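Reader: I am new to this structure and would like to know what stands behind the words used for it. Please set each word against its definition.

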Amino acid sequence: MVLKAFFPTCCVSTDSGLLVGRWVPEQSSAVVLAVLHFPFIPIQVKQLLAQVRQASQVGVAVLGTWCHCRQEPEESLGRFLESLGAVFPHEPWLRLCRERGGTFWSCEATHRQAPTAPGAPGEDQVMLIFYDQRQVLLSQLHLPTVLPDRQAGATTASTGGLAAVFDTVARSEVLFRSDRFDEGPVRLSHWQSEGVEASILAELARRASGPICLLLASLLSLVSAVSACRVFKLWPLSFLGSKLSTCEQLRHRLEHLTLIFSTRKAENPAQLMRKANTVASVLLDVALGLMLLSWLHGRSRIGHLADALVPVADHVAEELQHLLQWLMGAPAGLKMNRALDQVLGRFFLYHIHLWISYIHLMSPFVEHILWHVGLSACLGLTVALSLLSDIIALLTFHIYCFYVYGARLYCLKIHGLSSLWRLFRGKKWNVLRQRVDSCSYDLDQLFIGTLLFTILLFLLPTTALYYLVFTLLRLLVVAVQGLIHLLVDLINSLPLYSLGLRLCRPYRLAGSEPWRPEATGLCSSALGFSGLGSLNCRPGAKRGKVRGTRSQQGGHHPFRVLRHEAGRPLRLLMQINPLPYSRVVHTYRLPSCGCHPKHSWGALCRKLFLGELIYPWRQRGDKQD
């Protein structure tokens, strides 16, 4: 049997001692966490290991001996280390030795109990795998998703060994709190042996963040209580709060701030990462908002916008008037129903006249309104964009009214024609059973139905033309609002902190893609590790030094062969494969309050054809009107 010994790279140059770590019987692996140096008292070592086991819930024990041959005689040191196996019994007992010069290593695993099967060897082959303890401790392992051509059991088995290593190192953090400056009875070597990593600024910020977060959390709870008052639940305020994008964004930002300044400790790394991403998203939003605020209030740009807004509104209204006059004539040579055409045209022209009067009435206050709107950018760019979307909705309210009038009239005629068409065929719609049933009609009903069907059919082209024109205008406005909402949703949901970690410290987000050893030419008998995949041995397997290559999935292999010679143990270096950027965004994407289409393109086209009102950017959970 081949045993795997995971050895930290920070301990390759340390003095001789005992190997402290965890034995994983399911994977036949030994994860070495630290090296215990001489001199020591065995009872104190056992007490330390008991404390670590109680604090970390990890079965930490003495796995074997570590011998670094520098100047001391190898034979006497070997006999002394072998005698320690009786003090710290463990099955199997590992013996790792680095010879002079550091080129040759010897790895052995012995069983003190007699073999159960006759002829079974008393020693197992050991494969030595080096790993960076600091990177493994600080990283977070992401298990791979099940591919379509693989089974879930095979994927789980292929990542079990790596998950055990990451889990053991992460839960044994209490073992790394002692360094060589401690005056304790036990001296250990690990990644923090030269001194525990710390920062005075980080410690001061951590101590000061408690009272500040408690104060801000109290203020935010007060704001939430005020917003939940019954006054805001009355009909006009509740209706505006549910329709305005600015109110939705403010509620979303209030939830973010409540999460940021919450005094509850994160229960797992996923919650901690979400909190960090939320902080980064809010900071970026506020920074972009302040940049927009400084740009708007510089060089009197708000005054220029106010002076240009009213002429633009007048120009749009004039273009709509010209469009209606064109529809009231013979648009594109089409002969319309003159009476209905004149009625609809004058009806819409009267609405445009009311809208122009409203714009001129509000023109003296436009600059003050824009000035206060610009101040909202200090709350974040998303709030300013949401307010811009609401302003566009208010400025194009007349287009929305035209669309609703045309859609209702067109929908009424479509439903009337479909009902009268069923009358011709002797059918009717059963409301209770929601189906079409047969029905017998008398002569008067058929005569009246024929007249109504003829009238609606000849009036349909005029109504359909008005409906088509105003639907296109409405879709243009909706497209502009949709782009604004997509930008707001991008700022709200983009995991900036996770992307920054992936860019600057890629080992913090570790991917665990299954590795196929055939890519490097090593057979499974030489590896013997289920976490590296499975493969049948084939002749001509590579020997000697092999460099790490890329897998068929595009990423680097998690193991690189350092040295592989006949008669010597195989030595590998475990490398942390960073998570792909696409999976980082998919895994850590923040929930947003964005409005998303509820229907597919086919359902949207069907609604447009039948004249049903569409609300493609409704808030989630809202009911259709």
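Reader: What makes β8, β12 and β15 an open sheet, and in which order do the strands lie?
Author: The three strands lie in the order β8-β12-β15, and their pairing is mixed. Strands are DSSP runs of E of at least two residues and helices runs of H or I of at least four, numbered from the N terminus. Two strands pair if DSSP finds at least two bridges between them. β8 (140–142) and β15 (577–578) are at the edges with a single partner strand each, so one side of each has no neighbour in the sheet. The model is predicted: local features need pLDDT of at least 70 and side-chain atom pairs pLDDT 80 or more, while totals for chains, interfaces and linings use all residues. Residues are numbered from 1 along each chain as its sequence is written, and side-chain values use heavy atoms, leaving out hydrogens and water.

Reader: How do you know that β8 pairs with β12?
Author: Three bridges join β8 to β12 (residues 509–511), and at least two are required. The two strands run parallel. His142 has Gly511 in β12 as its bridge partner.

Reader: Which helix lies across β8 and β12?
Author: That is α17 (residues 581–588), running at about 100° to β8.

Reader: Why are α13 and α18 called roughly perpendicular?
Author: α13 and α18 (residues 601–610) pack at about 85°, their axes 8 Å apart. Axes are lines fitted to C-alpha atoms, for helices over the stretch in contact, and angles run from 0 to 180 degrees between N-to-C directions. Angles under 35 degrees count as roughly parallel, over 145 as roughly antiparallel, 65 to 115 as roughly perpendicular and the rest as oblique. The two helices are therefore roughly perpendicular.

Reader: Which residues of α13 and α18 meet?
Author: Tyr410, Cys411 and Ile414 of α13 meet Leu608, Phe609 and Leu610 of α18, contact being heavy atoms within 4.5 Å. Six residues of this contact are nonpolar, with no polar and no charged ones. Nonpolar covers Ala, Val, Leu, Ile, Met, Phe, Trp, Tyr, Cys and Pro, charged covers Asp, Glu, Lys and Arg, and the others, Gly among them, are polar.

Reader: What makes α7 oblique to α8?
Author: The axes of α7 (residues 245–260) and α8 (residues 269–296) come within 10 Å and cross at roughly 130°. That angle makes α7 oblique to α8.

Reader: How do you know that the span of α13 agrees with its number of residues?
Author: The expected span is 1.5 Å times one less than the number of residues. For the 28 residues of α13 (residues 397–424) that should be 40 Å, and the end C-alpha atoms are 41 Å apart, which agrees.
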